[in-house]
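Let us walk through this structure piece by piece. Keep the sequence and the model side by side as you read.

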Amino acid sequence: MARTAPRICPLCEATCGLTLTIEGTTVTGARGDRDDIFSRGFICPKGASFGELDADPDRLRLPLVRRYGPDGSRGELREASWREAYDLIAARLPPLAAEHGPDSVGVVLGNPNVHTVAGALYPPLLLGAVRTRNLFTASTLDQMPKHVSSGLLFGDPFAIPVPDLDRTDHLLLLGANPLESNGSLCTAPDFPGRLRALRARGGTLTVVDPRRTRTARLADRHLAIRPGTDALLLAALAQVLFEEKLTDPGPLAELAEGMDDLREAVRDFTPEAVAPACDLTAEDIRALARELAAAPTAAVYGRIGSCTVEHGTLASWLVDVLNILTGNLDRPGGALFPLSATDRAPRPPGPGKGFALGRWASRVAGHPEAKGELPLAALAEEIETPGEGRIRAVIALAANPVLSAPDGDRLDRALAGLDFMVSVDPYLNETSRHADVVLPPPPPARSAHFDFAFNGFAVHNQVRYTRAAVPPAEGQLDESEIHARLILAVSGAHGADPATVDDLAIARELGKAVADPHSPVHGRDPGELAVLLTGQSGPERRLDLKLRLGPYGDGFRAGTPETDGGTGEAGAGTAGLSLARLLEHPHGIDLGPLRPRLPGPLRTRGGRIELLPAPIAADLPRLRAALAGRPAGLVLVGRRHLRSNNSWLHNVGVLNGGSNRCTLQIHPEDAARIGLHDGALARITADGGELEAPVEITDAVRTGVVSLPHGWGHDRPGTRTSVASGHPGVNVNQLLDGSRLDPLSGTAVLNGFPVELAPVAPPAPVAPGAR
């Protein structure tokens, strides 16, 4: 008989609650969970396709291991046992690292890691085991500018304020299209409904985007900015606030330093100076600044379109600067810092360790690290370039950089030349096809789910956990065990019980907690505390530990206290959290609306907000130089589709078609000038090469701009993604050679780069009889 089970959707940052219908071990349906305390029944097409994704016949069920010829030549990947897969890893990786040093191993983390329990808990342990500095993640293709700006402003790269969507009076969105993306660095189920509610209660929505997106069509005002100039616009808004004496930071004035320096730093960015570069009017810029200042509450929010550009870190910094200048940072209706149930427990405010950039640099081009990571755009050169420290092996966890990073062709060739490669991936895709060992995690219905990352960006404090809805298939390992065995294999402990990995992690975390004078378990015996942990597995025990030591946790005290210990952050009535208590609430626990938290989140060395950090000040001359910049010809921007998520979901048939197409959008005027026709092929040329894509003529994109979605290009041989290969599209990142980076964050410039277009002549007709 059919049964139902709750499940948090892992397919985007909205983290909606689902109700799965299951017959035997097959998911036959998915609908929104109306009892979910966060999403209240909302669902999008991705969530509705959960069953099709779960049962995808192209998913790998057993490991793949590459066979080698007698001469050492690389053969094909074939199915193997888990033991054989880990035996090979243990035989190859540790000796390689011992001979050439730990930096000879590169670790690549893809976006899906933040959507799984295993992806959150085990990569830090893997990095500790490998001891490499060559870490590359999807962050440098996406949100690293926000981490860097937050680190410089607040001392913590994870202290990222989010807009208080449900209470704000004016929301300014830049480079974001949440009606298609469902939100990013702003976890908000039913983002569309929340924006409509803003309008319904008399609030104002302003969207800055070169495309008239679904979100822009909902807005009160849409400013079709020239791509890549968001930082100039934001600097001009700050200049107007200073010039017209509209700044009102309120209590933040006592917490921030550098106000006078900031005023001087933006003095040159007047609306009149900025308007030509942004292709906006000075009047519109001044009006927007005045509206932000006059709104009872307001929030400025920028995302990938303002991050993956030449001044991405400056734009991210200025977003928070505007929230500070208008007094909207850390107040209801503005932008606030969420407090996750697994966050660090609040502690007395004071100086912290601060945040530093460039503690080391990449070997070849000297790119400075940011948050411990190097630019993913530099991976190919680190593999190809001979010399000491060359990357000879790669461990790729849920990553497909051949499609997601610039110049996939070069990276494709580089990966083929590695001495050894391991991929943890459910598919044989454009990247994992190069691996010597592929370790496939189980389908999502067979995995537990907790949002360690996204709860830290949620627009409402809450906590939810769902166990696996379907038991593991015979012969299949849980994703957490896959990671634990990998850690043992690379650390020289191959064959040990994988539970020891979790036991060691628990012992280490408890050891730190009992030594911390601010911890609720200070001075207690860590061994006695470990015995008190509950859960059916190592990951559950680790979750229990984090919940109990977190801001709402029971602190391993008997009973469930009803106060927050006097810190003022968690809120009365929310304490006493543990895994056992969470399991009693299958649809989640409401922890209350976002609340002011400053100075709690500050970790700067001075214990205050640093309005004009030195790295930011040093980069401002580059922004001033952009005042005179006018890109010749056309520039290209990406776009998101509601039924897509990077390269993940193109193998799910029900999500293909409709608007989810890989087409080049171009304005009618530009199409006519170049001689392009709807449906015809256009040749696109840029720094990294050229592509051919079908044309879609639309006035939804402004003149001077063309748009091509990312995540496509499924036409390489050796993959096993039959649906995606049948509709391959083209890889927009192949137009880039990796040389365009935001210097502060190392983030690739994926938006607003110049391109040239030309019609592709149709093939000449074949004369009768010529065959």
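Contact means heavy atoms within 4.5 Å. With that in hand, take Ala138. Leaving aside its neighbours within four places in sequence, Ala138 is in contact with Leu109, Gly110 and Asn111. Ala138 and Gly110 are 28 residues apart along the chain, yet their C-alpha atoms are separated by 5.3 Å. Ala138 lies in the loop between β7 (135-137) and α6. Such labels come from DSSP runs, numbered from the N terminus: helices are H or I with at least four residues, strands are E with at least two.

A word on the source. This is a predicted model, where local features need pLDDT of at least 70 and side-chain atom pairs count only at pLDDT 80 or more, while totals for chains, interfaces and linings use all residues. Residues are numbered from 1 along each chain as its sequence is written, and side-chain values use heavy atoms, with hydrogens and water left out.

Start the helices with α3, residues 82-100. Helix α3 has 19 residues and reaches 27 Å from its first C-alpha to its last, close to the 27 Å expected at 1.5 Å a residue. The expected span is 1.5 Å times one less than the number of residues. Which residues of α3 are buried? They are Trp82, Ala85, Tyr86, Leu88, Ile89, Ala90, Leu93 and Leu96. Buried means under 20% relative accessible area, exposed over 50%, and partly exposed in between, with a 1.4 Å probe and protein chains only. The buried residues of α3 pack against β4 (64-68), β6 (105-109), β15 (393-397), β16 (420-424), β17 (437-439) and α19. Just after α3, Gly101 takes a positive phi of about 95°.

Helix α19 has another partner. Two packed helices are described by the angle between their axes and the distance between the axes. The axes of α5 (residues 123-130) and α19 (residues 479-490) come within 9 Å and cross at roughly 5°. Axes here are lines fitted to C-alpha atoms, for helices over the stretch in contact, and angles run from 0 to 180 degrees between N-to-C directions. Helices α5 and α19 are therefore roughly parallel to each other. Angles under 35 degrees count as roughly parallel, over 145 as roughly antiparallel, 65 to 115 as roughly perpendicular, and the rest as oblique. On the α5 side, Leu125, Leu126, Ala129 and Val130 meet Leu486, Ile487 and Val490 of α19.

Now compare another pair. Helix α6 (residues 144-154) and helix α15 (residues 312-325) have axes that come within 8 Å and cross at roughly 50°. That makes α6 oblique to α15. From α6, the contact is made by Pro145, Lys146, Val148, Ser149, Ser150, Leu153 and Phe154. From α15, Gly312, Thr313, Ser316, Trp317, Val319 and Asp320 take part.

Both α6 and α15 are among the elements that cover the buried residues of α24, as are α10 and α11 (259-265). In α24 (residues 614-625), the buried residues are Ile616, Asp619, Leu620 and Leu623. They cover an arc of only 135° around the axis, which puts them on the same side of α24. The arc is that of the directions from the helix axis to the C-beta atoms. On the other side of α24, Ala614, Ala618 and Ala625 are exposed.

Helix α13 (residues 282-294) can be read the same way. Helix α13 has 13 residues and reaches 18 Å from first C-alpha to last, close to the 18 Å expected at 1.5 Å a residue. Its buried residues are Ala282, Ile285, Arg286, Leu288, Ala289 and Leu292. Seen down the axis of α13, they fall within an arc of 160°, so they line one face of the helix. On the other side of α13, Glu283 and Ala294 are exposed. The buried residues pack against β9 (170-174), β10 (204-208), β11 (221-223), α10 (230-243), α12 (271-278) and β13 (299-302).

Finally, look at the loops. Pro443 sits between β17 and β18 (460-463). Pro443 is buried, with a relative accessible area of 4%. Leaving aside neighbours within four places in sequence, Pro443 is in contact with Asp54, Arg59, Arg61 and Gln476. Leu185 has a positive phi of about 50° although it is not a glycine. A cis peptide bond joins Leu598 and Pro599, with omega about 10°.
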